[in-house]
Amino acid sequence: MIRLEHVGFRYNRSGPLVLDDINLVIDNGEHIGIIGPNGSGKTTLVQLMNALLLPSEGRIIVDGLKTTDAGTAAEIRRRVGIVFQNPESQIVGMTVEEDTAFGPGNLALPAQEIRRRVDDCLGAVGLSGFQERSTHKLSGGEKRLLSIAGILAMQPRHIIFDEPTAFLDPAGRERVLAVIDEINRQGVAIIHISHHMEDILGADRIIVLKDGRIVRDGAPRQIFCDPFLLAGLQLDIPAAAALMQKLRAAGEPVRTDILTLDEAVAEIRSTVCGRRSEAQPRVP
């Protein structure tokens with residue numbers, strides 16, 4: 001569990017609060033989406049969760065360990081991994097195998113255990129057989145998957161993804177999202193920052209940040225089906241939700257708490273079938 005209690009953060013001791021009075025609990029195995037306009041404090045928030053930054057006010061507790069206590073940082077960073085927006089910033093090995101083994105190697109694990117973790121984690125992200133491949137010859141999507149494998153090799157309980165699909169083509173984006181979903185199904189908590197609302201429709205909860213404060217915390221349907229909230233933050237509305245809102249504005253009696261295109265198709269069909277049924281002449 002990750003718990004933040006009245007957390008505030010300043011980059012300079014005399015500077016303004018970048019985060020102000022953040023209270024948040026992330027349970028084991030949860031899938032949390034974090035959204036908000038640029039400059040709202042999203043990246044700062046997640047870096048506090050794994051002790052890359054320390055709070056100026058309040059406290060953060062990760063699996064019973066306070067991030068500000070001496071000697072806890074290394075263990076907290078093992079428990080809470082971060083996949084950064086730019087995978088280049090995390091790749092340190094010349095080959096895929098060397099890079100994936102870097103973290104477990106620093107834990108002084110036996111060679112056999114490191115080999116097992118490398119093979120298992122590369123398999124989990126779809127990079128089996130890439131062990132000897134040069135990291136410099138990987139595609140953007142493959143580099144992103146490699147950075148995920150390197151974090152998985154540390155066997156964290158929680159993984160933070162900071163815009164993991166940024167700059168990827170649709171196929172690469174779909175592949176990365178499938179890996180994230182599977183990691184969550186294995187019981188690892190996911191904290192996922194995204195500007196693409198569709199990427200986090202399956203999250204358990206959505207945290208909305210504005211000006212360094214949490215302004216909403218709710219289920220995806222509560223957040224993404226509120227056009228005034230997202231418009232006020234200059235965030236995109238998921239395509240299916242936007243479609244249903246336009247149909248309702250045009251006078252169609254459709255539901256507007258729709259998140260996916262499959263749901264939208266089913267709702268439109270139901271509405272059309274209902275209209276046809278009403279139009280059928282009654283047999284005396």
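**Notebook: patch, buried sites and salt bridges**

Areas come from the Shrake-Rupley method with a 1.4 Å probe, and for residues only the protein chains shown count as cover.

I note that this is a predicted model, in which local features need pLDDT of at least 70, side-chain atom pairs count only at pLDDT 80 or more, and totals for chains, interfaces and linings use all residues. Residues are numbered from 1 along each chain as its sequence is written, and side-chain values use heavy atoms, with hydrogens and water left out.

I placed Ile-268 in helix H10, residues 261-279. Helices (H or I, at least four residues) and strands (E, at least two) are DSSP runs numbered from the N terminus. Ile-268 counts as partly exposed because its relative accessibility is 30%. The classes are buried (under 20% relative accessible area), exposed (over 50%) and partly exposed in between, with a 1.4 Å probe and protein chains only.

**Whole protein**

I counted ten helices and ten strands. The C-alpha atoms fill a box of roughly 85 × 50 × 30 Å along the principal axes. Of the 284 residues, 48% are buried. The protein exposes about 14,300 Å², of which carbon and sulfur atoms supply 51%. I also looked at contacts (heavy atoms within 4.5 Å). Among those between residues at least 6 apart in sequence, 62% join residues at least 24 apart.

**Two buried residues**

I looked up Gly-41, in the loop between strand E3 (31-35) and helix H1 (42-49). Gly-41 counts as buried because its relative accessibility is 9%. Leaving aside neighbours within four places in sequence, Gly-41 is in contact with Leu-19 and Leu-209. Gly-41 and Leu-209 are 168 residues apart in sequence, yet 7.1 Å apart in space, C-alpha to C-alpha.

I then took His-31, in strand E3. His-31 is buried, at 4% relative accessibility.

**Salt bridges**

I used this rule: a side-chain nitrogen of Lys or Arg within 4 Å of a carboxyl oxygen of Asp or Glu. The count comes to 21 salt bridges.

Arg-205 lies in strand E9 (205-210) and Asp-217 in strand E10 (213-218), so the pair ties together parts twelve residues apart in sequence. Arg-205 is buried at 17% relative accessible area, whereas Asp-217 is partly exposed at 40%.

Arg-116 bridges to Asp-120, with the closest N and O atoms 2.9 Å apart. Both lie in helix H4 (111-124), four residues apart, about one turn of the helix. Arg-116 is partly exposed at 37%, and Asp-120 is partly exposed at 42%.

Asp-257 and Arg-255 form another salt bridge, with the closest N and O atoms 2.9 Å apart. Asp-257 is partly exposed at 33%, as is Arg-255 at 39%.

Last, I noted a network of salt bridges linking Asp-63, Glu-75, Arg-78, Arg-79 and Arg-157.
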